[in-house]
Amino acid sequence: MRNWGPVSPKLPRLWHGGDYNPEQWLHDPAALEEDVRLMRLAGCNAMSVAIFAWSALEPEEERYEFGWLDGIVDRLHAAGVFTVLATPSGARPAWMAEKYPEVLRVGPEGRRNLFGGRHNHCFTSPVYRKKVREMNSRLADRFGRHPGVLAWHLSNEYGGECYCDLCQEAFRAWLQRRYRDDLDALNRAWWMSFWSHTLTAWSQVHTPALHGERYVHGQNLDWRRFITDQTVDFMRAEIAPLKAAAPELPVTTNLMGTYAGLDYWRLAPHLDVVSWDNYPCWHGTGSIPDARGAWDPEGKDWRLASDIGFVHDLNRSLKAGRPFLMMESTPSVTNWHSVARLKRPGMHLLSSMQAVAHGSDSVQYFQWRKGRGGSEKLHGAVVDNVGTEKTRVFADVAEVGRVLAKLDDVVGTSVDARVAVLYDWENAWAIADTQGPLNDGRKRYERTCKDHYRAFWTRGIAVDVIDEDQPLDGYRLVVAPMVYLVKPGLAERLERFVQDGGTLVCTYWSGIVDEHDLCFLGGFPGPLRKLLGIWSEEIDGLYPDQRNAIVLDRRNALGLSGSYEVRDLCDLVHLETAEQLAAYERDFYAGRPAVTANRFGKGRSFYLAARTEERFLDDLYGRLAVELGIPRAVDAALPEGVSACVRADGKNTFLFVMNFASEMRRVDLGAAGWTDAVTGEAAAGRMELAAYGVRVLRKAADG
Ligand code: GLA
Ligand code: ZN
């Protein structure tokens with residue numbers, strides 16, 4: 001455990017605030033004045049300012065108007081509210097699009113967009129990069145050393161791709177570097193003898209396209225990698241002038257959870273702190289998960305909370321455990337969800353504190369003041385159109401402000417995990433691109449990783465969510481579901497981890513392809529075969545309503561018994577050095593191994609050959625957690641819907657106990673010694689948690 005220190009020494013507190021768009025209210029000075037009063041009332045101390053303000057900052061080409069922004073930053077600072085200042089590249093002015101069409105993105109069908117929307121510029125355009133550099137340089141010179149500026153908010157939710165001629169050329173150049181100008185190497189990596197696709201000149205290389213090539217999986221992978229690298233290159237070009245003017249000012253950009261368009265592990269090294277925008281669909285029931293507002297079809301908030309915990313842990317892991325920032329969340333409803341449910345009483349504080357519990361040093365919102373027009377006029381905001389603090393939502397936000405103000409000592413404290421769950425973007429891209437074995441949306445790589453994660457969340461066991469490239473030191477258990485694509489180095493790292501005494505759980509459909517999405521030869525799971533001690537000969541896809549089961553062998557090494565339902569995918573494996581723990585119950589492969597264990601060096605590797613029901617995962621990880629002595633936040637079983645996290649440093653230990661159920665729950669805290677960090681009351685023994693209730697307890701580290 002350690003203390004990482006505050007994101008910025010200017011504000012050694014938990015940040016509370018959110019997106020503030022005063023450029024939409026310059027016509028209403030009274031509102032701007034009122035904003036400051038209300039921010040203080042809500043306990044806000046850090047506002048993200050001018051994210052989409054380019055038109056107000058540069059109303060005409062090279063006519064800069066920063067005076068209004070001076071006033072805002074000064075006024076906030078005078079009131080004790082810091083500014084997280086944005087670079088406005090997320091939405092450019094109309095005059096720029098009109099004069100320089102190259103800044104407008106070109107779609108996969110080759111058509112250039114009209115001016116409109118946002119997050120839609122070409123990352124390659126020299127014109128756009130020049131305009132951004134000029135704007136960022138001016139902002140940095142003017143505000144980089146302002147005492148009221150806390151950090152830089154780079155652009156907004158980088159994302160998407162451009163297929164313009166400039167990007168085509170950039171892609172070709174990127175490939176020539178990656179394949180060291182060897183076109184044969186590219187032909188081999190992309191398996192271009194397939195369908196007579198062999199390229200004979202670099203000029204024949206094109207991006208994937210709706211009216212062109214979409215079925216060369218190696219090309220699709222490289223295109224996704226290029227998009228990430230090009231975005232990182234653009235982002236670094238944004239950062240350069242900011243750091244030149246004020247090297248100590250931290251930079252972040254707001255990520256989007258497990259957004260498929262970018263491999264965030266390649267953005268993170270260039271950020272001082274990771275931040276993300278979190279919009280769970282609380283209180284949903286049986287509806288179809290939104291693109292980004294995932295929720296659980298069973299409609300249980302606690303199951304969704306487990307999925308959100310996974311993403312919080314991913315964001316913490318992106319900087320090797322350093323606290324992150326929850327840059328956005330809604331203080332009430334999210335207008336782009338299928339249904340905009342109000343947060344039930346308690347849920348706003350609970351969902352806010354969940355972020356802090358998992359390692360966020362902030363609770364920030366989209367947005368401060370609700371706009372009057374545009375597509376987000378119905379989105380939740382701290383200050384509604386009524387314009388006063390006399391709303392339920394404002395009171396909820398003010399309560400969060402009061403609680404955060406009591407938790408200064410949480411800042412910088414670490415979450416220490418002994419379990420890692422692998423979730424890898426390149427693996428996700430490759431799995432999504434495959435044709436087979438399930439083409440009806442049930443491959444569900446992310447869902448599977450979250451299902452394995454849930455068994456730890458319900459036990460209050462800390463988990464890091466890492467990709468295939470991360471070190472495995474310090475973990476006792478690594479869970480690697482559906483490692484379809486095995487990146488160079490992963491097999492060796494996993495072998496060393498298990499050899500040295502670690503425990504690995506891997507699953508069906510692993511070790512199938514290499515980094516080029518080319519199938520391994522010689523038998524699956526390819527480079528994982530020796531470590532797992534099995535050979536997977538073939539895999540059976542089941543229709544949605546088809547089932548099989550696994551039956552635990554008598555006296556198996558896990559000490560589990562009975563049978564568990566399996567669905568979707570069943571691997572048919574042969575034991576090599578592994579032993580069988582369970583067999584399939586039915587079908588022509590009844591009696592074949594379905595769960596195996598392989599002793600390897602001082603450790604063990606388990607292979608789950610089929611997609612089991614969640615109950616098996618819960619029993620399996622519950623058993624392994626005890627056997628491996630993996631610490632829990634609370635030394636007692638947690639009732640359904642309750643989770644618990646610990647953040648600690650050498651001085652204090654904080655215990656966050658969270659009830660995501662809609663009924664009261666009791667939690668046994670065991671021995672005394674806790675103090676409620678908010679009320680100061682002693683807390684011990686059986687503690688009651690109201691529906692959607694949360695308690696933050698603390699004790700001295702040696703307590
Ligand atoms: C994203 C964006 C914000 C806003 C919110 C609405 O996170 O960053 O500008 O559009 O969504 O939920
Ligand atoms: Zn482009």
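Q: Buried means under 20% relative accessible area, exposed over 50% and partly exposed in between (1.4 Å probe, protein chains only); with that in hand, is Arg225 buried or exposed?
A: This is a predicted model, in which local features need pLDDT of at least 70 and side-chain atom pairs count only at pLDDT 80 or more, while totals for chains, interfaces and linings use all residues. Residues are numbered from 1 along each chain as its sequence is written, chains are lettered from A and ligands numbered from 1 in the order in which they are written, and side-chain values use heavy atoms, with hydrogens and water left out. Glu426 is buried, and Arg225 likewise counts as buried.

Q: Which residue forms a salt bridge with Arg225 at 2.7 Å?
A: A salt bridge here is a side-chain nitrogen of Lys or Arg within 4 Å of a carboxyl oxygen of Asp or Glu. For Arg225, the closest N and O atoms of the pair are 2.7 Å apart, and the partner is Glu426.

Q: How many residues apart in sequence are the parts that Arg225 and Glu426 tie together?
A: Begin with the contact itself: Arg225 and Glu426 form a salt bridge. Arg225 belongs to helix H8 and Glu426 to helix H12 (residues 425–433), so the pair ties together parts of the chain whose separation is 201 residues. Helices (H or I, at least four residues) and strands (E, at least two) are DSSP runs, numbered from the N terminus. For Arg225 and Glu426, then, the answer is 201 residues.

Q: Where in the chain does Arg442, which is tied to Asp568, lie?
A: Asp568 and Arg442 form a salt bridge, with their closest N and O atoms 2.7 Å apart. Both Asp568 and Arg442 are buried. Asp568 sits in strand S16 (residues 563–575), 126 residues away in sequence, so the pair ties that strand to the place of Arg442, the loop between H12 and helix H13 (445–457).

Q: Glu688 and Arg666 also meet in a salt bridge; is Glu688 buried or partly exposed?
A: The side chains of Glu688 and Arg666 come to 3.1 Å, N to O. Arg666 is partly exposed at 41% relative accessibility. Glu688 has 47% relative accessibility, so it counts as partly exposed.

Q: Which residues are joined into one network by salt bridges that share partners?
A: The whole structure holds 53 salt bridges. Where such bridges share partners, one network forms, and its members are Arg178, Asp222, Arg225, Asp229, Arg266, Glu426 and Glu515.

Q: Which strands stand at the edges of the open sheet, each with a single partner strand?
A: The sheet has nine strands in the order S5-S4-S3-S2-S1-S9-S8-S7-S6, with parallel pairing. Two strands pair if DSSP finds at least two bridges between them, and S6 is joined to strand S7 (residues 275–277) by two bridges. Each edge strand has a single partner, so one side of each lacks a neighbour in the sheet; the edges are strand S5 (251–252) and strand S6 (254–255).

Q: Which residue in S4 stands opposite Leu85?
A: Strand S3 (residues 82–86) has five of its five residues buried, so it is largely enclosed by the rest of the structure. One face carries Phe82, Val84 and Ala86, and the other Thr83 and Leu85. Four bridges join S3 in the parallel sense to strand S4 (residues 149–153), where the residue opposite Leu85 is Trp152.

Q: What is the bridge partner of Phe654 in S27?
A: All eight residues of strand S22 (residues 652–659) are buried. S22 is joined by seven bridges to strand S21 (residues 642–648), running antiparallel, and a hairpin of three residues connects S21 to S22. Seven bridges also join S22 to strand S27 (residues 694–700), again antiparallel. Within S27, the partner of Phe654 is Arg698.
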